[in-house]
Structures are given as structure tokens and as C-alpha cells.
Amino acid sequence: MSINESDSNRFEIAGHSIEARPLAPGLYLVATPIGNLGDMTVRALETLAGADILACEDTRVTRKLLDRFAIRKRPFAYHEHNAEKAGEHLLAALRDGKSVALVSDAGTPLVSDPGYRLAGMAIADDIKVVPIPGASAPLAALVGAGLPNDAFFFAGFLPHKDKGRRDRLSELMHVPATLIFFESPHRIGATLQAACDVLGAARPAAVCRELTKTYEEFRRGTLGELAEAYRDAEVKGEIVLVIGPPPAAEAPQQADIDALLKLLVADMPAAKAAAQAAKETGLPRKDLYQRLLAIKDGDGA
């Protein structure tokens with residue numbers, strides 16, 4: 001296995017040839033378009049053209065991107081199946097003071113791909129790691145879904161088997177954030193049904209398909225509605241599933257809190273009863289303890 005370097009450091013935009021500035025040694029994590037090549041940033045083009053070495057998941061996919069912008073680099077394959085050996089070659093180049101640009105087939109490297117291993121090794125060796133941001137399927141889906149985005153949790157791909165899928169959804173059921181998943185077209189129907197069963201049919205969601213491409217589609221509704229719509233549907237293209245956060249729990253009524261405190265203090269000391277009540281209600285232990293003392297003193301009526 002050999003790493004190819006190129007003397008060419010130029011790229012083209014709209015027929016104009018531009019010379020890239022030299023890059024400082026380090027690992028550059030370059031985001032690439034998730035569909036529409038027009039989403040490539042100038043900084044990303046400059047990085048790909050200026051790097052000593054360009055590493056990618058699939059050289060055929062990356063070649064299309066390079067040809068679009070007249071970047072004459074020979075990409076070096078770095079993917080799941082050769083990550084250990086190829087990673088050693090790239091790390092050796094980085095230790096030698098080279099600049100390495102890493103891209104995935106689409107979107108931001110290290111998100112659901114083996115690039116995180118190389119970044120981890122580079123950081124451990126005190127090698128500079130530079131993110132070059134750009135297109136991101138999870139963020140594009142999040143902002144297009146119309147669901148709360150003040151807090152979100154990206155969970156990648158769900159397990160392929162139904163039990164594993166449902167177990168994972170159960171683990172995420174109470175996460176107080178919008179959930180984001182990658183999913184394949186032939187599993188989206190089963191995933192929506194599992195999510196409907198585990199998370200509840202009324203929970204809002206959106207199926208975001210072919211983002212930034214010609215047939216981009218956002219289908220929004222409840223999990224129940226979407227599970228029904230996709231039950232027997234033939235679906236094509238790449239999918240991001242976005243599921244809204246769980247409904248906020250209603251604050252317990254004072255009468256219910258008092259009843260719980262009285263029940264608990266009958267079997268345990270006041271301090272322990274207050275601590276247990278805090279676990280069950282989410283209320284501050286100190287406030288519950290003071291309330292319990294008031295009840296015991298006869299002032300809590």
C-alpha cells in the first residue's frame with residue numbers, strides 16, 4: 001500500500017482556476033456535500049487541493065467530487081475494512097509533517113464512519129486536528145423537520161434486528177431531546193412501527209429523504225401516522241428519521257406529594273423518606289424534607 005502525493009494544488013470554481021494556499025501539517029477533517037455538489041465550501045476545496053495527502057472512504061465517489069472542481073489528486077482509500085493498515089500509513093505521514101485531508105463519501109467525517117480512530121490516534125500523538133465544517137445530514141434533517149431543536153441527540157443507525165431496535169428505542173425513550181437516526185429505505189417501515197410501539201403513536205416525527213437532492217422529501221406527522229404510511233411502501237434513497245422529544249411530565253399535585261411522604265415515612269426515617277420522594281418526583285430533597293417536618297408537626301394541612 002502506498003500513499004499518493006500530488007504537486008497540483010489548484011481547484012476550479014465556475015471555470016476559474018484558483019491556487020490553494022499551503023497547508024500546515026496536520027489532519028484536516030473535511031465535510032463534503034450530502035447530495036448537491038454545490039454545497040461544497042471554498043475552504044473545503046482549498047483544503048482538498050492544498051493537502052499533501054487526500055484520504056477517503058471510496059475513491060470512486062470522491063473522484064466525482066474532485067473532477068467537478070478540477071482537483072488533480074489521487075485519493076487514498078481509508079475505510080472500515082482497511083482502517084488498521086491504512087490508518088498506520090496515514091499516521092506515519094502525519095508524524096512526518098505532512099498535511100492529510102480526510103473525507104467521507106458524504107457529509108462530515110467521523111460521523112458514523114471509522115475516521116474517529118485516525119483522529120484519536122493523531123490527538124494521542126499531539127498532532128494538530130482541524131475540522132473543516134460543511135454539509136451535515138443530521139443537522140439538515142433537524143432544521144427541516146420542524147421539531148424542537150434546542151436539544152437533540154444523534155443516535156446513528158438503530159440495530160438491524162427487531163429486538164435490538166426496540167431495546168435501543170427503550171433506552172432513548174426518556175431522553176429530553178429530539179432524536180435523530182440514520183435509516184435505510186428497506187428498514188424504515190419496521191423502524192417506524194417499532195418507534196410507534198415503544199415511544200408512543202402520538203409522538204411527532206419526520207422522515208427526511210434524499211436531503212439536498214432532486215427528490216428531497218420531508219414527510220411529517222405522528223409516529224402512528226408515519227408507521228401506517230410506510231407500512232407497505234416501496235422507499236428509495238437515503239433517510240434521516242427525526243423524532244420529537246417526549247412530552248413534559250406534569251408537575252405532581254401537593255396532595256399527591258403529601259400522600260407519598262406520609263406513605264414513605266411510615267416505613268423509614270424522615271431523611272431517607274425525603275430522599276426517596278425526591279427520586280420519585282424529581283423535586284428537591286431539601287424541600288421535601290421541610291415539607292415532611294411540617295406534616296409531622298401538624299402544620300402541613
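**Sheets, helices and a loop residue**

Biologist: How many bridges join strand β4 to β6?
Modeller: Strand β4 (residues 53–56) and β6 run parallel, helices (H or I, at least four residues) and strands (E, at least two) being DSSP runs numbered from the N terminus. Two strands pair if DSSP finds at least two bridges between them. Within β6, Leu102 is the bridge partner of Ala55. The number of bridges joining β4 to β6 is 3.

Biologist: What is left out of the side-chain values?
Modeller: This is a predicted model, in which local features need pLDDT of at least 70 and side-chain atom pairs count only at pLDDT 80 or more, while totals for chains, interfaces and linings use all residues. Residues are numbered from 1 along each chain as its sequence is written, and side-chain values use heavy atoms, leaving out hydrogens and water.

Biologist: Which residue of β7 is the bridge partner of Val30?
Modeller: Strand β3 (residues 26–30) pairs with β6 in the parallel sense over 4 bridges, and there Leu27 has Val100 as its partner. β3 also pairs with β7, again in the parallel sense, over 4 bridges. In that pairing, the partner of Val30 is Ile132.

Biologist: Are the residues on the two faces of β6 buried or exposed?
Modeller: Buried means under 20% relative accessible area, exposed over 50% and partly exposed in between, with a 1.4 Å probe and protein chains only. On one side of β6 (residues 99–102) are Ser99 and Ala101, and on the other Val100 and Leu102. Both faces are covered, and all of these residues are buried.

Biologist: Which residues does Ala106 contact, leaving aside its neighbours within four places in sequence?
Modeller: Ala106 is found in the loop between β6 and α4 (115–124). Its relative accessibility is 36%, so Ala106 counts as partly exposed. Contact means heavy atoms within 4.5 Å, and with those neighbours set aside the residues in contact with Ala106 are Thr32, Pro33 and Ile34.

Biologist: What is the order of strands in the mixed sheet?
Modeller: The mixed sheet is open and has 5 strands. Its edge strands are β8 (152–157) and β11, each of which pairs on one side only. The twist from one strand to the next averages 15 degrees. The order is β8-β9-β12-β10-β11.

Biologist: How many residues of β10 are buried?
Modeller: β10 pairs antiparallel with β11 (residues 217–222) over 6 bridges, one of them placing Arg209 with Glu217. β10 is also joined to β12 (residues 239–243), antiparallel, by 5 bridges, and Ala205 stands opposite Ile243 there. Of the 6 residues in β10 (204–209), the number buried is 5.

Biologist: How far apart are the axes of α6 and α7?
Modeller: Axes are lines fitted to C-alpha atoms, for helices over the stretch in contact, and angles run from 0 to 180 degrees between N-to-C directions. Helix α6 (residues 162–172) packs against helix α7 (residues 188–199) at about 45 degrees. Angles under 35 degrees are roughly parallel, over 145 roughly antiparallel, 65 to 115 roughly perpendicular and the rest oblique, and α6 and α7 are therefore oblique. Their axes lie apart by 9 Å.

Biologist: What is the handedness of the crossing of α9 and α10?
Modeller: Helix α9 (residues 254–265) packs against helix α10 (residues 270–281) at about 135 degrees, with the axes 9 Å apart. The contact includes Leu260 and Leu264 of α9 and Ala273 and Ala277 of α10. A crossing is left-handed if the near helix is turned anticlockwise from the far one by less than a right angle, and right-handed if clockwise. The crossing of α9 and α10 is right-handed.
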